[in-house]
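Take a look at the model below.

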Amino acid sequence: MSRSLKQVAVLLVALLCLDLHSRVGSAPICAHGPSGCHVPSLADLFDRVIQHSARMHSLSNDLHSEFEQYFLPSKNHIGKIYRKCHTSSILTPNGKENAQKLAREELTEVILKLLMAWRDPLFQLHQSMAHQQDFNSFSSNKALEMGDMAHELRKGVEKVAERMRVLGMLGNSVTGLSVAEAMLPISDSGEAMSNYELLYCFRRDSNKVQNYLKILKCRIVPEHDC
Amino acid sequence: MRNSGAVLILTFIAKLISQAAGVSRPGKPRLTSCRSPEKETFTCWWEPGGDGGLPTTYALYYHLENSETVYECPDYRTAGENSCFFNKNDTSLWVNYNITVVATNALGKNISDPVEVDVVYIVQPNTPENVTAVVVRDEQGPFVRVSWEKPRTADTRSGWITLLYQLRVKQEKDKEWEVYDAGMQKYYNVFSLHPDKEYMVQVRCKPDHGFWSEWTQTTYVKMPDYIPRERSLWIMITIFSVFIILILTWTLNVKRNSVKLCLLPPVPGPKIKGFEKQLLKSGKSEEVFNTLVIQGFPPTTDYDELLVEYLEVYDNEEQELVLDGKDLSEDCMKSKSPSDSDSGRGSCDSRTLLLEKCMEGREGSGSGSGSDQHQYSQHGETSWASTESSESQGPEPGSPESADGRSKTWPVVFSSPQPQTHHHYQVGAAKPAYHSVPEILNHSSPHTTPSNYHQLHHQDIPQQEGRFSKPACRHSQSYNQFNLDGVGTPAPGVPPSPSLEYVEVQRVNPENMLLLWPLSDPNRELEGLDCAGEDYSKVKEVTNNILLLQRDTSHQCVDYYSQDLDNQADQCTTQQPPHPCKPAVHQSNSRMPHEGMRVMGNGYVDSTVLMPSY
């Protein structure tokens, strides 16, 4: 009896805790409206996100050129053996028309997928760069920052999507938010990609993200800078 | 084996032939650049490597990454010669293009090196369009507002491409451009441009990741001729004040001496009367000290001349004139310093009592031969009364109305203590003086000329008025002579008075008549030592029983002197020997800063006693 009572008590406590947890959601501080604090508009959110992506892309660009300069001195990309990026399975529009043809939800989904796909590879990249003695600390810090930035960018884009959904701009067809899965940077051949290949691929993907976000912004909030 | 060998030989021969003919297969072409103006299309250019003498064709082949499908360039013409244009359909972003160019001629072909191209990274937009530069007038000053439009092909509207702009400005003559970043805006305000100058403006743009476009055509803008108001005013004020300061400084510099004089006036140095600085500088010490030396002192002249039996005093205008004459002046002037200002001298200058040499030069001015009359002129400071010795043969000195019209000067013993403010100016004569003249009782003269003159002639006294305020000096002792009844010779012309009475001269009327005061208290005017004025108390010289008095206006008043003299005279007159008179006289002398003349009992005046106090 005492054991069962104890178990029940523990269960009850656990349930209560869970309940509390479930009720206590991540409520924003400014839940009571604009009087409490400044709530950024969708345009502001987009601007922040776009700036973030621009910063991320410039970091990746720098790292890639460093790699090319010091480790792979070749002209016009000759002799470079590159493999497919692991994100090539994600269908991304490769032109303006194609990008404009995509719906907002799809575009947002693509962005989120891309960002999600790079969460772990970037962490790996930083780890490998930190361990290797060829890289100076500056580069490894860049890689670390890049990984953090990608993570925050993903969070930001999720917030934007959330806002859009609240505003009714996004339909209910967006299912990629919760479906975005982490992907392992494994090439077709099964080998792990080298740092250079990772940088090459990420440089491209960050450019894609930035571009898609701009298109999305000018499509949704075309007031300024469009 | 044979076939391959034959082929080899044949190709070798063909090569030789072609080389001999100068033809060969084309050279290796080279892809120079690939550019995309709007991130939607792109163009690649190549350069041929040499045609080898034969017509050569070029073909561009590409394949996408991870794909082996080779495509040929879809458009060779749009972009011009040796170019390949990829339109929108053929352009894929974020995909690597592997491009090669193949040159082919009759003899062979040549393949260029492959080039990997990702269109996203080769974007170079067209130049901005419609660049306009307008001068905008603002209250702070005009500036130039440059505005432009995006290149037509770039699609920034959809956010597909983001352009950053840059403009540059310079004058025609400048070497360096001034570059301004405008960001994503399509206008820019340029400030700090110089007025009345023409400027060149150019604009270009760049995608966020890509190449800069070419600069636009130059746009010219001319700044208006303006002057910044605030600055100009301050500039004018500054220049004006600087100018004024410069002028003031220059003026001060030029007039620095007078400024120094104004600010720091020179302190007058001490001046010693009778001391000539120039003489000291010239180095002639003798002359310097000569001025300080009183000529004729100690008296070394002949005392005999001082002995007189009687004194005949008369005023001689002519003598005065003569004395003022130049012929005698030189001698007398020698003894006198030209700058003698009578400072520190007592009422009676002993010099006047001394026989002057200049008396020798004196003509017979009514006193006969040998009469020396002092001609004492101190630049007009003193006028002297000249008395002729009774020994002179001249006309009757006693007569008031001299025969020749000469007027006699009554020796002034002491002047009146009354204020000399009211002076009567006679005709041709100077201011009168109040003289109290002792009665000349005795006038001994071998010529029996009355010596008692109550006549006073006003001489031309070119002296200061102030002197008149002082009574006569102590030389009034000289008057003792006149009172010397003991001389012996009665004054025939003058009724002997039973008692000695001092008569005070009130004034002299125009007829040269002496107006005398009524007899007053003889004890009056005991004081008045320091009265100065015109007085005839100075005895210049006594010769031939003629007492020459000098009219001196700077002598002190010795009014009471007369009373003493009166007493003395009493004694003297009654007694023959002159000695008793001496001490009496001497005592009275001692009271005076100046020492008077010692009167001998017999009427002789001993001037030795008369020593100047200084």
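A disulfide is a pair of cysteine sulfur atoms within 2.5 Å. Cys218(A) and Cys226(A) form such a pair, with their sulfur atoms 1.8 Å apart. Keep in mind that this is a predicted model. By the 2.5 Å rule, the count over all chains is four disulfides.

**Disulfides in chain A**

Stay with Cys218(A) and Cys226(A) for a moment. The torsion about their S-S bond is about -90 degrees, so this disulfide is left-handed. Is Cys218(A) buried or exposed? Buried means under 20% relative accessible area. Cys218(A) has a relative accessible area of 9%, so Cys218(A) is buried.

A disulfide also joins Cys85(A) to Cys201(A), with an S to S distance of 1.7 Å. This pair links distant parts of the chain, 116 residues apart. Cys85(A) sits in the loop between α2 (42–70) and α3 (96–101) of chain A. Cys201(A) lies in helix α8, residues 195–220 of chain A. The link of Cys85(A) and Cys201(A) is left-handed, with -90 degrees about the S-S bond. Cys85(A) counts as buried because its relative accessibility is 10%. Cys201(A) counts as buried too, at 1%.

**A disulfide in chain B**

In chain B, Cys73(B) and Cys84(B) form a disulfide, and their sulfur atoms are 1.6 Å apart. Here the partners are 11 residues apart. Cys73(B) is in the loop between β4 (70–72) and β5 (83–86) of chain B, while Cys84(B) is in strand β5. Which hand does the link of Cys73(B) and Cys84(B) have? With 115 degrees about the S-S bond, the link is right-handed. Both Cys73(B) and Cys84(B) are buried.

The sulfur distances side by side:

| Disulfide | S to S distance |
|---|---|
| Cys85(A) and Cys201(A) | 1.7 Å |
| Cys218(A) and Cys226(A) | 1.8 Å |
| Cys73(B) and Cys84(B) | 1.6 Å |

**Two further cysteines in chain B**

Cys205(B) has 0% relative accessibility, so Cys205(B) counts as buried. Cys262(B) is exposed, because its relative accessible area is 62%. The cut-off for exposed is over 50%.

**Chain B as a whole**

How many helices and strands are in chain B? There are 11 helices and 23 strands. Chain B has 614 residues, and buried residues make up 50% of them. Now take its contacts with a separation of 6 or more: residues 24 or more positions apart account for 71% of these. The accessible surface of chain B comes to about 29700 Å². Carbon and sulfur atoms hold 56% of that surface.

Definitions and conventions. Residues are numbered from 1 along each chain as its sequence is written. Chains are lettered from A and ligands numbered from 1 in the order in which they are written. This is a predicted model: local features need pLDDT of at least 70, side-chain atom pairs count only at pLDDT 80 or more; totals for chains, interfaces and linings use all residues. Side-chain values use heavy atoms; hydrogens and water are left out. Helices (H or I, at least four residues) and strands (E, at least two) are DSSP runs, numbered from the N terminus. Buried means under 20% relative accessible area, exposed over 50%, partly exposed in between (1.4 Å probe, protein chains only). Contact means heavy atoms within 4.5 Å. Accessible areas come from the Shrake-Rupley method with a 1.4 Å probe; for residues, only the protein chains shown count as cover.
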